[in-house]
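Please open the structure in your viewer and keep the selection panel at hand.

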Amino acid sequence: MLLKGKVALVTGAGRGIGRIISLALAGEGAMVMVNDYIEENAKSVAEEIKAAGGEAESIQCNVANFEETADMIKAILKKNPVDILINNAGITRDNLLVRMKESDWDEVLSVNLKSMFNCTQAVAKAMMKQRYGRIVNIASIVGLIGNEGQANYAASKSGIIGFSKTVARELATRGVTVNVIAPGFIQTAMTEKLSDEAREKLFASIPMKRLGTPEDIAPLVVFLCSDKAGYITGQVINVDGGIAM
Ligand code: NAI
């Protein structure tokens, strides 16, 4: 087991990519704190992990809210260290720039980008003190290449990359690594909303001619969190079937 004895916090883990990441980390022996904004989903993922013989707890919290997040992490740190942080929570509010509402911009930037600051700052001191930490931030290839209708989402995901590289530099001498995974188009509730036309266009852009699955993402998260990846920091790794090569 690659992560025996480690404690991991995964945000937005009540479904989709975060759920599969949580199951994979627990499968490698980590105790997983399953966060989601939707309490029953976080609970059910924690139950799923326990039913499979792993260790988990659920924690409801809106990670876009600074105080709520600080309180959540304080409560975790009272009981356990946090060795691994997976900043995964994210939303879309798509529209062409000329039709985008200010609230669409603000919500996406808060949930996708400000949450990174909220969670990472709250665990950073403790990780520095223990001279160990693994932070993996989930961005998107849209943050690298753009996508029509996603100016807010693309800005948030590019922001994650700049944020992560900076924090990677700041924490590098303390045994804390910070890396980014940029998924392509992954089969989850987030991409189910796509129209047939958008889906066809999408397929044409994917060299591998299939959507990815959360199971395509999780093994890389496990690797980046393991001791085997101790000399890798500040990297952006695409998992996208070749779209953004
Ligand atoms: P999803 O919509 O299936 O799951 C997102 C989860 O985050 C949900 O359980 C939701 O309740 C939770 N969440 C949303 N706002 C939250 C908040 N403020 N606080 C706590 N939890 C919150 O989405 P999916 O597809 O699993 O996406 C996960 C991450 O991967 C996101 O950051 C997304 O941007 C990113 N991503 C997804 C891609 C895809 O094609 N599905 C592609 C590239 C990146």
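The model is predicted: local features need pLDDT of at least 70, side-chain atom pairs count only at pLDDT 80 or more, and totals for chains, interfaces and linings use all residues. Residues are numbered from 1 along each chain as its sequence is written, and side-chain values use heavy atoms, with hydrogens and water left out.

**Stop 1: the ligand**

Which residues come nearest? Of the 29 residues around the ligand, they are D36, N88, Y153, I186 and T188. By class, this shell holds 15 nonpolar, 11 polar and 3 charged residues. Here Ala, Val, Leu, Ile, Met, Phe, Trp, Tyr, Cys and Pro count as nonpolar, Asp, Glu, Lys and Arg as charged, and the others, Gly among them, as polar.

Next, display the polar contacts, which are pairs of N or O atoms within 3.5 Å; within protein, one atom must be able to donate a hydrogen and the other to accept it, and residues adjacent in sequence count only if both atoms are side-chain atoms. At N88, a polar backbone atom is 2.7 Å from an oxygen atom of the ligand. At C61, a backbone N or O atom lies 3.5 Å from a nitrogen atom of the ligand. At K157, a polar side-chain atom is 2.9 Å from a ligand oxygen atom. On its own the ligand has 830 Å² of accessible area, of which the protein covers 96%; such areas come from the Shrake-Rupley method with a 1.4 Å probe, and for residues only the protein chains shown count as cover.

Now colour helix 1 (16–27), strand 2 (31–36), helix 6 (151–171) and helix 7 (189–192), the elements that give two or more residues to the shell. Helices (H or I, at least four residues) and strands (E, at least two) are DSSP runs, numbered from the N terminus.

**Stop 2: a residue in helix 6**

Stay with helix 6 and select N152, which lies in it. Is N152 buried or exposed? At 0% relative accessibility, N152 counts as buried; buried means under 20% relative accessible area, exposed over 50%, and partly exposed in between (1.4 Å probe, protein chains only). The side chain of N152 reaches the backbone oxygen of R93 at 2.9 Å.

**Stop 3: the lining of a pocket**

Return to helix 1, which gives 3 residues, the largest share, to the lining of the second largest pocket. Residues to select in this lining include M1, K4, L23, A26, I49 and E55.

**Stop 4: two residues with positive phi**

Select R131, in the loop between helix 4 (102–130) and strand 5 (133–138). Its phi is near 55°, a positive value in a residue other than glycine. R131 counts as exposed, because its relative accessibility is 52%.

Then select K209, in the loop between helix 8 (196–205) and helix 9 (214–225). K209 also has a positive phi, of about 55°, although it is not a glycine. With a relative accessible area of 47%, K209 is partly exposed.

**Stop 5: a pair of residues**

Finally, select I84, which is found in strand 4 (residues 84–87). I84 is buried, with a relative accessible area of 0%.

Note on methods
A residue is near a molecule or strand if one of its heavy atoms lies within 4 Å of it. On a 1 Å grid over the protein atoms alone, a cavity is a set of points where a 1.4 Å probe fits but cannot get out, and a pocket is an open set with protein on both sides within 12 Å along at least five of seven lines; lining residues have an atom within 4 Å of a point.
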